[in-house]
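Reader: I'd like to learn how to read a structure like this from its helices, pockets and charges. Can you walk me through?

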Amino acid sequence: MRRLLFLLPLLAACGPKDDTLCQRYFEPYPDMVSQRERNDRSAPLLDAMAAYDRKDFVTAAEGLRAIIDKNENDYTARMYLVSALLGSGDPYKAEMHLDYLENAKVRNYNDQVDWYNALCWLCEGQYEKALRQGQWIAGRPAHTYKAQAQDLVNTLMDH
């Protein structure tokens, strides 16, 4: 028993990563779709977004995933799914969906993909990778997330 008590602090250090940086920098992607007219086609997205707006990211992710299962090229639903997955603590799955957006022929979400990749890596504890991504974004002349990226870089340089 004494040996077990001695090992507890060591085991705790190997546990989940400290997610305070993740919580500090994660902001849900802004809801720009909930004002759409409700009809049979928009209802699943509006229902998922109602959960998203309540910050019930688990429920939102389920609804958004169902939309993508029916139409893998629904880039809007996929971007909100990325955000919902990050909000629910699943950056690995969020990163997978970012890869899909990054490889899509439609480039509507380039800046979002850049920034949310940095957030995924931050939330996964891959601080060096998040730092490099933040530096790259901060160095862009006109990036949507330039200010957030510079703040992240400053934080990670001090971390």
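Author: What follows goes from the overall fold to the pocket and then to the charged side chains. This is a predicted model, where local features need pLDDT of at least 70, side-chain atom pairs count only at pLDDT 80 or more, and totals for chains, interfaces and linings use all residues. Residues are numbered from 1 along each chain as its sequence is written, and side-chain values use heavy atoms, with hydrogens and water left out.

Reader: Okay, how many helices and strands does the chain have?

Author: Helices (H or I, at least four residues) and strands (E, at least two) are DSSP runs, numbered from the N terminus. Here the chain has 9 helices and 0 strands, so the pattern along the sequence reads α-α-α-α-α-α-α-α-α.

Reader: What share of the residues count as buried?

Author: Buried means under 20% relative accessible area, exposed over 50%, and partly exposed in between (1.4 Å probe, protein chains only). Of the chain's 159 residues, 43% count as buried. For contacts (heavy atoms within 4.5 Å), take the ones between residues at least 6 apart in sequence: 53% of them join residues at least 24 apart.

Reader: Now the largest pocket. How much space lies in it, and which helices supply its lining?

Author: Picture a 1 Å grid over the protein atoms alone: a pocket is an open set of points where a 1.4 Å probe fits, with protein on both sides within 12 Å along at least five of seven lines, and lining residues have an atom within 4 Å of a point. A volume is the space filled by probe spheres set on the points, which are joined across faces, edges and corners. The largest pocket holds about 360 Å³. It is lined by 14 residues, and Arg-41, Leu-45, Ile-67, Asn-71 and Asp-74 are the closest to its centre. Helices H3 (43-53), H4 (57-70) and H5 (75-87) each give at least two lining residues, with H4 giving the largest share, 4 residues.

Reader: On to charges. How many salt bridges are there?

Author: Side chains of opposite charge can pair when their charged atoms come close. A salt bridge is a side-chain nitrogen of Lys or Arg within 4 Å of a carboxyl oxygen of Asp or Glu. The count comes to 5 by this rule. One of them joins Asp-151 to Arg-24, with the closest N and O atoms 3.6 Å apart. Asp-151 lies in H9 (146-158) and Arg-24 in H2 (20-25), so the pair ties together parts 127 residues apart in sequence. Asp-151 is partly exposed, at 33% relative accessibility.

Reader: Which residue does Arg-54 pair with?

Author: Arg-54 forms a salt bridge with Asp-56, N to O 3.9 Å. Arg-54 is exposed at 56%, whereas Asp-56 is partly exposed at 28%.

Reader: Is Glu-95 buried or exposed?

Author: Glu-95, in helix H6 (residues 91-103), is buried yet has no salt bridge. Lys and Arg count as positive and Asp and Glu as negative, while His and the chain ends are not counted; on that basis the nearest side chain of opposite charge is Lys-129, 4.7 Å away. Leaving out residues up to four places away in sequence, Glu-95 touches Asn-117, Cys-120, Trp-121 and Glu-124.
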